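Have the sequence and the 3D view open side by side as you read.

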Amino acid sequence: MEFSFSDEQQVFRDMVRRFLEETSPTKEVRRLMDTEIGYDPAVWQRLSNELGLPGLHIPERFGGQGFGAVELGIVAEEMGRALLCAPFFSSAVLGTFAALNAASEAQREELLPDLAAGKKRITLAVAERSGSWQAADITTAARSAPSGSVLNGEKWFVIDGASADQLIVAAVDEHGIGLYLVDAAADGLNRIPLDTLDPTRKQARVVFSNVSAQRLGGASDATAALDRTVDQATIVLASEMVGGADHLVRSAVDYAQMRMQFGRVVGSFQAIKHKCADLVLEVELAKSAAYYAAEALAEDDPDVPALASLAKAAASAACLRAATDCIQIHGGIGFTWENDTHLYFKRAKASEMMLGDPVYHRERMLKNVGGLA
Amino acid sequence: MSEHNEQTVREEVRTWLAANWKPDQPLITWRTLLAESGWGMPTWPAQWYGKGYSMALGNAVLEEIQTAGAVGAAQAGVRMLAAATLLEHGSDAHKAKFLKSILTGEHNWCQLFSEPGSGSDLAGLTTRAELKDGKWVINGQKVWTTSAHHAQYGMLLARTDWDVPKHQGISYFILHMDQPGVEVRPLRQMNGHASFNEVFFTDAIVLPEFLVGERNGGWKIALTTLAHERRGADGVRSFARAEAGQGQVFDELREELAHVNEPYKWYPQRAGRVDLILERAKASGRITDPVIRQEIAELLIMARSSEWTARRARKAQVMGRPQGPEGSLGKLAASNVAKKAAHVHTLLAGADAMLKGSDGLMNGLISEILISVPAISIAGGTDEIQRNIISERVLGMPKEPRTDVDRPFRDVPRNPGKR
Ligand SMILES: Cc1cc2nc3c(=O)[nH]c(=O)nc-3n(C[C@H](O)[C@H](O)[C@H](O)COP(=O)(O)OP(=O)(O)OC[C@H]3O[C@@H](n4cnc5c(N)ncnc54)[C@H](O)[C@@H]3O)c2cc1C
């Protein structure tokens, strides 16, 4: 493990940060969260064309930049900091990793260049009513049909499910689990937007009645590909959360140094200073966990499943605490709609429950750490 | 009066109720009778709509009214804070002019204390009142004012002297809300409700007779209002059973409560809704999960013992005994319980915690808990301020050195003004 970013990675981070400061100020976030699709297609195009971010981790032979999980973690962290509203997590992370892990060579050649260029947005639909992302809980079924396959079932909590161009759907079939590509406009596919606590990331319920679909990869069980995809996405989500947490620490400390009560800045009260110190401790620990997990992923470490869960559990706790403390340090103003903290709070709360809650991830970490099973 | 004639008093109330209470009359007519008889507010002084009874005896009277199924005096909103303050510090003219319409429900009040620049440090307020041509002219801004948009009067704290230490230059006024110099704007909170307002004063006028107490003597009066607020003299109260009653009085009462209680409807959610935990645990099927069971048990232990602590405090108050530490702990305990409850509700909700509104659990009630709980550790004095109070006033630990009370307020560093 390197435990530090290279100069090139640092320059890359700065560039991404500047781009997001320009394109995703909270004024924009507030505008976009009230729109149906929840993102700005023009910014998505710039993010794809100028920075090539959706293809960052896609191999060059498929039109990507060929970078790894560490660079992807950097991008996610900066997006979390800026609370970017974009289909990055749904398409560049979930959809892209699913395609990379499960698709045949021919399918990759078909899908990845468009994903890398940001031309197509493909999300991944796994969870159903229970919210579980585990293969064993999937009931949506696929059966073979004369041309391709047919899907029946219902998916919940599909991120950007109402705006994606295509969906990769996890379904039960004769091989076990299969990942199926479907067109969002296909007959029999019905998408119903969900009213989400976090207005900055849209979700939908998607109902499939005899929807024609194309199976990704060969005729074998795709459970491992699915699990791998969820681990990868979990690590990216942890990176995004520590980015948000880092922003919240900064915001709390800045406010405490400006706000006066009793003739002094509130940041001069030990109660507030210690709160900030405890907070930065927890957030820095969570960052270390996210960085370590991203590096492990880049190096294809066999402990990735345990590390993904560790990083997610740590990031959930740190990010939620950062949001709660940031509200508290702002006092009454922190509870108003006008103040931006609640947007981060809601993102933190939703991310805490996305891809499995902290109880699940703590238990899963133990199960995957060697010797503790 | 002493306790031994409780029986006589109970009989007296019953006789009076039998003669006067009927559900088919205008609410105001009934409440006027109640106010003038003194039965509505039995612990108030006999010359001001009361009976001068002890709290215990007063409770006996209220019990009788409740047993009879009768409607009590208007108590909802912040009206009782105004009443308690005027009873203690108002002139006879103030009491004569304002108390009755508070009890009948004809007039609503609001509390114009907090400002954008001064919350925890309330005495650092900068709304100014200047005497011009025999009238007080008010300029400045208040915030977090509940019900300002349907209040006829406000209890206003404003600075009248900038050349003395902060607490000594504040005066307490009664402000008529319906005038051109007062502008009320709703303030939206992170949970989407707009229960509060910002109130702007631009040359608003207060007549000299509406100064309460002495000029520059407002701080000690404000402390009375705040003490009553802490004791929970305000808030959502009424005789629950009466709300389901039949007749004109009840129809009008329901209308009044819907109106006055509107800003408070999410308040139960900010306290964490511990009452829903077991129901939710069963509904979610997680009641058998040992991890969740531990969390629920911890929460219930915290919640029950906090409730019993609050009862200890109330009992001491009713018995007229000095309160121990238990009296100052309730606010902080409630805040801890609420945070823990939000955590447990999240675990019980699972992925559904990501949804709100009609897609959310219990039609959005659970998500409302999650995004309302952050208020409880801020409203009515932050957790940090509660800890200062507990350590300094209850435990007698030394106060932090202060640099804001030893000099003219003019010279105390403060937040830049904003409008
Ligand atoms: C939902 C809600 C309802 C409210 N209702 C009302 C109402 O009905 N009427 C009304 O008048 N006001 C009301 N308020 C305002 C509330 O009383 C203030 O928000 C609160 O007192 C804190 O003040 P502030 O917001 O100015 O924060 P600040 O005082 O600026 O506090 C900022 C931070 O500094 C900390 N801090 C400040 N001083 C100290 C200290 N000495 N030591 C350690 N830490 C310190 C605080 O704890 C906080 O974390 C309400 C607020 C909310 C959120």
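The lining of the largest cavity is made up of 6 nonpolar, 1 polar and 3 charged residues. Here Ala, Val, Leu, Ile, Met, Phe, Trp, Tyr, Cys and Pro count as nonpolar, Asp, Glu, Lys and Arg as charged, and the others, Gly among them, as polar. Keep in mind that this is a predicted model, where local features need pLDDT of at least 70, side-chain atom pairs count only at pLDDT 80 or more, and totals for chains, interfaces and linings use all residues. Residues are numbered from 1 along each chain as its sequence is written, chains are lettered from A and ligands numbered from 1 in the order in which they are written, and side-chain values use heavy atoms, with hydrogens and water left out.

**Cavities**

- Searching the whole structure turns up 5 cavities of 30 Å³ or more. On a 1 Å grid over the protein atoms alone, a cavity is a set of points where a 1.4 Å probe fits but cannot get out, and lining residues have an atom within 4 Å of a point.
- The largest cavity holds about 80 Å³ of space. A volume is the space filled by probe spheres set on the grid points, which are joined across faces, edges and corners.
- Among the residues lining the largest cavity are Met79(A), Phe88(A), Phe89(A), Thr200(A), Glu240(A) and Arg347(A).
- The second largest cavity has a volume of about 70 Å³, and its lining includes Gly80(A), Glu240(A), Cys319(A), Tyr344(A) and Arg347(A).
- Helix 7 (223-258) and helix 10 (341-353) of chain A are the elements that give two or more residues to the second largest cavity's lining. Helices (H or I, at least four residues) are DSSP runs, numbered from the N terminus.
- Helix 10 of chain A gives the largest share of that lining, 4 residues.
- By class, the lining of the second largest cavity has 5 nonpolar, 3 polar and 2 charged residues.

**Helix pairs in chain A**

- The axes of helix 7 and helix 8 (residues 270-298) of chain A come within 9 Å and cross at roughly 155°. Axes are lines fitted to C-alpha atoms, for helices over the stretch in contact, and angles run from 0 to 180 degrees between N-to-C directions.
- Helix 7 and helix 8 of chain A are therefore roughly antiparallel (angles over 145 degrees; under 35 is roughly parallel, 65 to 115 roughly perpendicular and the rest oblique).
- Their crossing is left-handed, meaning the near helix is turned anticlockwise from the far one by less than a right angle; clockwise is right-handed.
- The contact between helix 7 and helix 8 of chain A has 17 nonpolar, 2 polar and 4 charged residues.
- Helix 1 (residues 7-23) and helix 4 (residues 69-82) of chain A have axes that come within 10 Å and cross at roughly 30°, which means they are roughly parallel.
- The crossing of helix 1 and helix 4 of chain A is right-handed.

**Over in chain B**

- The axes of helix 2 (residues 27-37) and helix 8 (residues 248-261) of chain B come within 8 Å and cross at roughly 95°, so these two are roughly perpendicular.
- Leu27(B), Ile28(B), Trp30(B) and Arg31(B) of helix 2 meet Val249(B), Glu252(B), Leu253(B) and Glu256(B) of helix 8, where contact means heavy atoms within 4.5 Å.
- Ser306(B) sits in helix 11 (residues 290-318) of chain B.

Technical notes
1 Å grid on protein atoms, 1.4 Å probe; cavity = no way out; pocket = protein on both sides within 12 Å on 5 of 7 lines; lining within 4 Å.
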